[in-house]
Amino acid sequence: MDAGFYLQLLLNGVVIGVIYALVAMGLSLIFGVLEIVNFAHGEFYMLGAMLAYFLTMNMGQGYWATVVVVTAVAVCLGYVLYEALLASLEGGGFERSILLTLGLSMVLQNGAVFLFTTTPRMVQTSQSYVNLVVGDVRVSLMRVFALALGLLAFGALYLILYGTRIGRAMRGVAQNRDAALMVGIDPRAVSRLAVAIGIGLSGLAGAALAPVYAVHPLMGFSFVFKAFAIIIIGGLGNIAGAAVAAVALGMVESVVGGFLPLVMVDALVFGSMIAMLLLRPQGLFGRGVRV
Amino acid sequence: MMPGWLRALLPLLGVAGLFAVPRVTGNEYVLALGVSFAMFSVLSGGLNLVYGYTGLLSFAQVGFFGIGGYTAALLVTERGWPLEAGAACGGALAALVGLVIGYSSLRLSRHAFAIVSLSFALLCMIVARDWVSLTRGAMGIPGLPVPVLHLPGWSWRLSRPADFYYLLMGFAVIAQTVIYLVVTSRLGRAMRAIKLNEALAQSQGISPLSYKLLALALSAFLAGVVGGLFVFYLTIVDPSIFDFYYTETMLIMVIIGGPGSFWGVLGASAVLAALPDLLRFTTDLRMVLYGAVLIAAMLVFPGGVGGWLRRRGLRRWRRPHPATP
């Protein structure tokens with residue numbers, strides 16, 4: 001085992017970690033602003049990947065066009081989701097929101113199974129087998145693209161949250177809902193945008209990973225399992241915490257996965273979530289426990 | 001209104017009726033529906049105890065169910081234990097696991113509990129599939145033997161479908177009685193107080209965490225035992241015992257029946273155990289339908305049938321009586 005092997009594993013881990021981060025940050029953003037745990041979040045990742053599959057394989061679209069279209073569609077879906085379902089839940093108790101999004105997840109997931117069956121599909125393009133070789137390390141071009149997209153989305157989210165009025169309003173609502181209402185922030189507009197961004201990030205993650213992994217209707221389900229662990233480890237509602245935890249988890253997972261069977265990796269994810277809850281319930285970067 | 005003695009008699013008549021079914025008909029389809037009802041009534045009753053009464057939305061019940069199933073199957077086949085010991089051990093292990101995940105996540109919040117319980121259920125399926133040396137992987141443990149139940153002075157070989165009908169129905173009656181006794185006792189009142197207003201309950205000297213853990217452990221135990229009995233009816237245990245299908249079905253039973261309504265959930269279990277099977281939906285389509293029902297219920301009908309009946313009763317009670325001439 002030489003250094004190149006470790007470097008390879010670490011690099012793969014960073015790529016997958018950045019994609020985890022996209023999904024987990026959206027989940028965390030929606031939780032922070034609306035206090036809703038979106039159990040259907042993984043299904044939008046799945047829908048993004050499925051849509052990317054159909055755009056590339058059936059419509060012959062290129063990679064970048066696909067990514068843009070999928071993200072735009074996901075943002076629109078986020079608006080629709082908020083207006084149609086989540087808006088009516090304001091103050092309706094957290095169980096209702098969980099059960100509602102769980103019902104949505106059942107409809108989307110089983111509907112996709114019913115329509116497309118569970119057969120895994122591969123997105124193949126002319127660039128699928130192109131590798132970048134630097135020294136001992138070789139990375140497929142698709143992974144590099146996924147990494148670049150993820151970092152781009154990080155930057156965009158940072159700019160929105162810290163550079164715009166509506167972003168500041170969003171952070172305000174997440175920090176203290178009542179105070180935000182008192183200074184005249186419209187909770188509906190802020191919530192709508194938070195859901196749209198969250199779902200958009202999830203769709204983008206699906207489109208970015210579609211050429212790297214197989215696409216099938218059950219993919220969102222196992223992915224969201226990790227996203228949940230990440231937002232607990234990073235601190236519920238803490239977006240930066242989710243990003244750091246996601247990248248760290250991706251790297252640990254990739255390195256451990258190089259030596260141990262897959263089941264140990266999943267057990268490790270779950271175990272670290274339980275350990276975090278026992279040792280530091282507010283998460284690694286928690287801003288204090290909210291109940 | 002029916003008189004009090006009739007109200008007390010009705011459940012006994014119902015139980016007697018259920019136990020008379022195998023004597024009237026030997027039809028295996030009818031018996032299979034009965035077994036499915038008995039199994040789901042225990043699962044949904046346990047979920048009702050945890051969610052409906054104590055307010056903890058748990059997705060972990062299917063994990064407890066499967067842990068009970070695997071434990072009983074392994075102990076009976078590998079160690080040659082009798083069925084009742086294997087199932088009891090499965091229930092105990094499930095309760096222990098329930099206490100661990102409950103204790104760790106309830107310290108944070110009920111959100112964290114919901115998330116952790118879902119992750120736990122997913123982890124169970126992954127472990128069952130991939131820890132091949134313990135669980136034999138995706139193939140599971142097929143061909144479970146005909147179990148023998150050792151009751152005092154009587155050993156009962158469960159070889160016919162009717163035997164399993166009696167066994168699971170008998171356990172369901174015991175489990176429902178236990179749940180009924182808990183929810184109508186001081187324990188149940190304390191649990192309901194915690195659900196309605198945790199801070200107020202705390203100020204009255206109720207320690208929320210211990211009641212939550214009690215509800216969780218009891219429901220986990222019941223789910224584990226019923227899992228241990230059910231796998232011998234199936235004669236196989238494989239990772240599909242952790243399937244999300246069970247979670248969704250018991251959740252829909254509790255939501256339709258009305259969280260926190262004992263008879264509502266029991267009735268919904270009976271209807272939903274039989275109806276979709278009689279209507280012959282494919283599983284995927286049934287899950288889509290259940291999801292849509294869940295969304296609709298959350299938007300317009302959050303109390304379920306039980307909640308609706310309770311509200312109707314309250315309205316009637318509050319209505320001013322017409323002046324008698």
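Chain B of this predicted model is built from 14 helices and two strands. Its radius of gyration comes out at 20 Å, close to the 20 Å that the globule rule gives for 325 residues, so chain B is as compact as a globular protein of that length. Along the principal axes, the C-alpha atoms of chain B take up a box of roughly 75 × 50 × 45 Å. As for contacts in chain B between residues at least 6 apart in sequence, 77% link residues at least 24 apart.

One helix pair can be looked at in detail. The axes of H11(B) and H13(B) come within 10 Å, with a crossing angle of roughly 35 degrees, and H11(B) passes H13(B) in a left-handed sense. On the H11(B) side, the contact is made by B:Tyr245, B:Glu248, B:Ile252, B:Ile255 and B:Ile256, while H13(B) puts in B:Thr283, B:Met287, B:Tyr290, B:Val293, B:Leu294 and B:Ala297. Sorted by class, that contact has nine nonpolar residues, plus one polar and one charged.

Then there is the interface with the other chain, where 34 residues of chain B are in contact with 37 residues of chain A. Helices H4 (83–106), H5 (110–130), H11 (244–257) and H13 (283–300) of chain B are the elements that each supply two or more residues to the side touching chain A. H5(B) gives the most to this side, with 13 residues. By class, the side of chain B that touches chain A has 23 nonpolar residues, along with six polar and five charged ones.

Definitions and conventions. Residues are numbered from 1 along each chain as its sequence is written. Chains are lettered from A and ligands numbered from 1 in the order in which they are written. This is a predicted model: local features need pLDDT of at least 70, side-chain atom pairs count only at pLDDT 80 or more; totals for chains, interfaces and linings use all residues. Two residues are in contact if their C-beta atoms, placed from the backbone, lie within 7 Å. Helices (H or I, at least four residues) and strands (E, at least two) are DSSP runs, numbered from the N terminus. Ala, Val, Leu, Ile, Met, Phe, Trp, Tyr, Cys and Pro count as nonpolar, Asp, Glu, Lys and Arg as charged, and the others, Gly among them, as polar. Axes are lines fitted to C-alpha atoms, for helices over the stretch in contact, and angles run from 0 to 180 degrees between N-to-C directions. A crossing is left-handed if the near helix is turned anticlockwise from the far one by less than a right angle, and right-handed if clockwise. The radius of gyration is taken over C-alpha atoms; the globule rule is 2.2 Å times the number of residues to the power 0.38.
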